[in-house]
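Please take a moment with the sequence and the model before reading on. This briefing is meant for someone meeting the structure without any background.

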There are 2 protein chains.
Amino acid sequence: MKTFRHLSILTAGAALLAVGSVSLAQTEVDPTVKARQSQMQLIAYHTGILGAIAKGEAEYDATVAQRAASNLNAVAMLAPEPMWREGTAQGEAEGTYAKPEVWSDAAGFAEKLEGLRQASAEMIDAAGTDLETLRAGMGKLGGACKACHETYRVPKN
Amino acid sequence: MKTFRHLSILTAGAALLAVGSVSLAQTEVDPTVKARQSQMQLIAYHTGILGAIAKGEAEYDATVAQRAASNLNAVAMLAPEPMWREGTAQGEAEGTYAKPEVWSDAAGFAEKLEGLRQASAEMIDAAGTDLETLRAGMGKLGGACKACHETYRVPKN
């Protein structure tokens, strides 16, 4: 009986784990979504390098800062079409926070993307100039991120 | 007693789930590693678009194909330094398959990266020409991926 009870416990545990796995499989991220999340990841990563320098958490180094800004701009300059396909908004594809407005208001979305492209392009020069100029450019960069997220991304919490 | 047994089962289940969560937390991917995995993800995604066209799984469209190749090349052109930091090989950072040879044989790694940059640059023209030219370019592109993975990545299975 004791053995049986242990088996029941293990079975119940396994069942709970199985439920966990199934729900993970069900919410497997769409490849198109995964691609643009990779794009966002690279934008956040390189912005983070610049942010750490701006906050004095990392030492200012013109080469390091300029490389981060160049990468950031290159990732912002990627053609959006392959990654921002119609039919991959929240509710249509798994794992995304993209609002349908990305597509229904394509001109507005393009304008926000252009804002990021400009801010990151300016940051290439700013980051290579000096710490103060880099710091001054962070506001526009952060503003470009925020402007798009506020309008075209479903709040994450 | 029945209630108690149910509680035990739930507790055991919760404990098993907790163990699962802890092991996930322990293997949380290093941000630098996550950034280059995003780079790889974008390379794989855009190569996949070209591959599907080459195999006839997707219709040939010069604009679509050329966009994918342009994005692929842009991602290959990113400065590697911010994402391929020393001290982030397998055994040094969580979640990576990068061999220490990426750093100990930096010239060899740079050569493989150059191979991908060239193959993807050539693919921009090839993809925009016609299906046969795109197909012909896939070999060099796939070869560039393979050449680097064989030497600088720990086998995944």
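The model is predicted. Chain A has six helices and zero strands, and a whole-structure search finds zero disulfides over all chains.

**Fold of chain A**
- Read along the sequence, the pattern of chain A is α-α-α-α-α-α.
- Chain A has 157 residues, and buried residues make up 36% of them.
- When contacts in chain A between residues at least 6 apart in sequence are considered, 73% of them join residues at least 24 apart.

**Packing of two helices**
- Helix H3 (residues 62-76) of chain A packs against helix H5 (residues 106-129) of chain A at an angle of about 165 degrees, and their axes lie 8 Å apart.
- Because roughly antiparallel applies to angles over 145 degrees, H3(A) and H5(A) are roughly antiparallel to each other.
- The crossing in which H3(A) passes H5(A) is left-handed.
- On the H3(A) side the contact includes Ala62(A), Ala69(A) and Ala76(A), while the residues they and others meet in H5(A) include Leu113(A), Arg117(A) and Gly128(A).
- The residues of this contact between H3(A) and H5(A) divide into eleven nonpolar, five polar and two charged.

**Cysteines**
- In chain A, the sulfur of Cys145(A) has its closest cysteine sulfur in Cys148(A), at 8.9 Å, which is too far for a bond.
- In chain B, the sulfur of Cys145(B) likewise lies 8.9 Å from the closest cysteine sulfur, in Cys148(B), and this is too far for a bond.
- Cys145(B) counts as partly exposed because its relative accessibility is 22%.

Definitions and conventions:
Residues numbered from 1 in each chain as written. Chains lettered and ligands numbered in written order. Predicted model: local features only at pLDDT ≥ 70, side-chain atom pairs only at ≥ 80, totals over all residues. Heavy atoms only, no water. Axes fitted to C-alpha atoms, helices over the stretch in contact; angles between N-to-C directions. Helix = DSSP H or I, 4+ residues; strand = E, 2+ residues; numbered from the N terminus. Parallel < 35°, antiparallel > 145°, perpendicular 65-115°, else oblique. Left-handed = near helix turned anticlockwise from the far one by under 90°. Contact = heavy atoms within 4.5 Å. Nonpolar A, V, L, I, M, F, W, Y, C, P; charged D, E, K, R; others polar. Disulfide = S-S within 2.5 Å. Buried < 20%, exposed > 50% of the residue type's maximum accessible area, 1.4 Å probe, protein only.
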